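Thanks for coming. I will go through one structure this morning, and I will keep to what can be read from the atoms.

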Amino acid sequence: MALSSVLQSPAPGFNFDNAARNAALGRNDGGHTPKPLKTGTTIAGVVFKDGVVLGADTRATSSEVVADKACAKIHYISPNIYCCGAGTAADTEKTTDLLSSNLTIFSLNSGRNPRVVMAANILQDMLYRYRGQIGANLILGGVDCTGNHLYKVGPYGSVDKTAYLSMGSGDLAALGILEDGFKPDLEMEQAKDLVRAAIQAGIMSDLGSGNNIDICVITRDGVDYIRPYQESEFTDDRTIKYKYRPGTTRVLTEKVVPLKLEVVHESVKKMVTG
Amino acid sequence: MNTLDVRSQLKDSVPVAGFGPHGSYGLQDSLRTGFTSIKNELIPSHSLELSEKNFQVNQDKMNMSTLRNIQGIHAPLKLKMELKAATQIQRLPFLPSSHLALDTLRGSDETIGFDDILNDPNQSEVMGEPHMMVEYKLGVL
């Protein structure tokens, strides 16, 4: 915003005013732009006999530092649809929030639970519009009146529909496990264990994935969001607590200055209701 | 569909330094207009800037042309007439307009996108000077 007064009201939506400045700063600094919080991740999903199982790890990284050890990557979309998100954390959050809001409006208008294909189409349109600048790799899974569905949506708007999927930086490791263990019409416990093993493989083989494993089981009867399904064995046991009890710092002096306020003008206006 | 040549990448309106809000003595006012760079003013610095600015227009064009091919000229004519009438229902430029009829016609009263969350015009940080804004809109600035 270079002007302090404007000739037209600013258009709603994305504001590109600082794009030129940011590009120039990046060039001056030698390309050191601030890194966004990514969920270098392993997410996976499997369709089984009665529904869909989604799984995710819980590590969020900001370049080489683990920024969040208990990140929730399985987002709520609607009572029958959940979505795992990999990529830039803020992008997946906001995109899934928008999708959830749109589907809520739809179900309020029509009185029905939304279908998974509708969610996939909305995502596809939204992500294609922004040409991949929104870094959201999503696995959409849900149960609706037409059956159990699992969709994969890429950042450029590509959609893939298969019975087992994995995405994120640990996707190759997870996919190996899924390819080996997947059979059509699995039972619930088998499916949960398959997804758990796939995420575990991702955690072991990829630096961007780690900590706990979350599982979400969606069936026609409801949703079971198990967080955490498996906890990491490597928790840090801090020997010293960093919380100081009150009174640790000695108070030397105390001075209270009352602020004198005087009532200048008082008026009561009755509100007309009803 | 990557047949865009450089000309189509140019911004539609090029702010020329020296016109618009004047500094004293008619000189370019760096304090208010900021530093000028011809390259910045001609070619957008973000790949999405132009496509976002023209998004609604392009969508409409695409939809109308499909409609014309399927149903004949009457369909886009009627829709365009209604849209034009609805676009004219607005307040003066410095006041927020609700665009209720326009939203209902377009169906955007039932969808939420980034332009409903980001940069809400009701919470804008900048305020226009009413007379200048009306003059700019009428083209007599």
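I start with B:Asp60, which counts as buried because its relative accessibility is 18%. Buried here means under 20% relative accessible area, exposed means over 50%, and partly exposed is in between, with a 1.4 Å probe and protein chains only.

Before going on, the ground rules. This is a predicted model, in which local features need pLDDT of at least 70, side-chain atom pairs count only at pLDDT 80 or more, and totals for chains, interfaces and linings use all residues. Residues are numbered from 1 along each chain as its sequence is written, chains are lettered from A and ligands numbered from 1 in the order in which they are written, and side-chain values use heavy atoms, with hydrogens and water left out.

Back to B:Asp60. What does its side chain meet in a salt bridge? The partner is the side chain of B:Arg106, at 3.4 Å from N to O. A salt bridge is a side-chain nitrogen of Lys or Arg within 4 Å of a carboxyl oxygen of Asp or Glu. B:Asp60 sits in helix H5 (residues 55–71) of chain B and B:Arg106 in helix H7 of that chain, so this pair links distant parts of the chain, 46 residues apart. Helices (H or I, at least four residues) and strands (E, at least two) are DSSP runs, numbered from the N terminus. B:Arg106 is partly exposed, at 38% relative accessibility.

Helix H5 of chain B also holds B:Phe55, which is partly exposed with a relative accessible area of 23%. From B:Phe55 to B:Thr66, eleven residues along the chain, the C-alpha atoms are separated by 17 Å.

Chain B as a whole has nine helices and zero strands. Of its 141 residues, 16% count as buried.

Now the other salt bridges. Over all chains, the search finds seven. In chain A, A:Asp214 and A:Arg227 meet through their side chains at 2.8 Å, N to O. A:Asp214 lies in strand S12 (residues 213–219) and A:Arg227 in strand S13 (residues 222–230), so the pair ties together parts that are 13 residues apart in sequence. Buried or partly exposed, for each of the two? A:Asp214 is buried at 1% relative accessible area, while A:Arg227 is partly exposed at 39%.

Another bridge in chain A joins the side chains of A:Asp193 and A:Arg196, at 3.4 Å from N to O. Both residues lie in helix H5 (residues 188–205) of chain A, three residues apart, which is about one turn of the helix. A:Asp193 is partly exposed, with a relative accessible area of 41%.

Last, the second largest pocket. A pocket is an open set of points on a 1 Å grid over the protein atoms alone, where a 1.4 Å probe fits, with protein on both sides within 12 Å along at least five of seven lines; lining residues have an atom within 4 Å of a point. About 990 Å³ of space lies in this pocket. It has 27 lining residues, and those closest to its centre are A:Phe14, A:Asn22, A:Asp91, A:Gln133 and B:His46. Helix H1 (19–28) and helix H2 (89–110) of chain A, with helix H8 (114–117) of chain B, each supply at least two residues of the lining.

That is what I have; questions are welcome.

How values were computed. Grid points are joined across faces, edges and corners, and a volume is the space filled by probe spheres set on the points.
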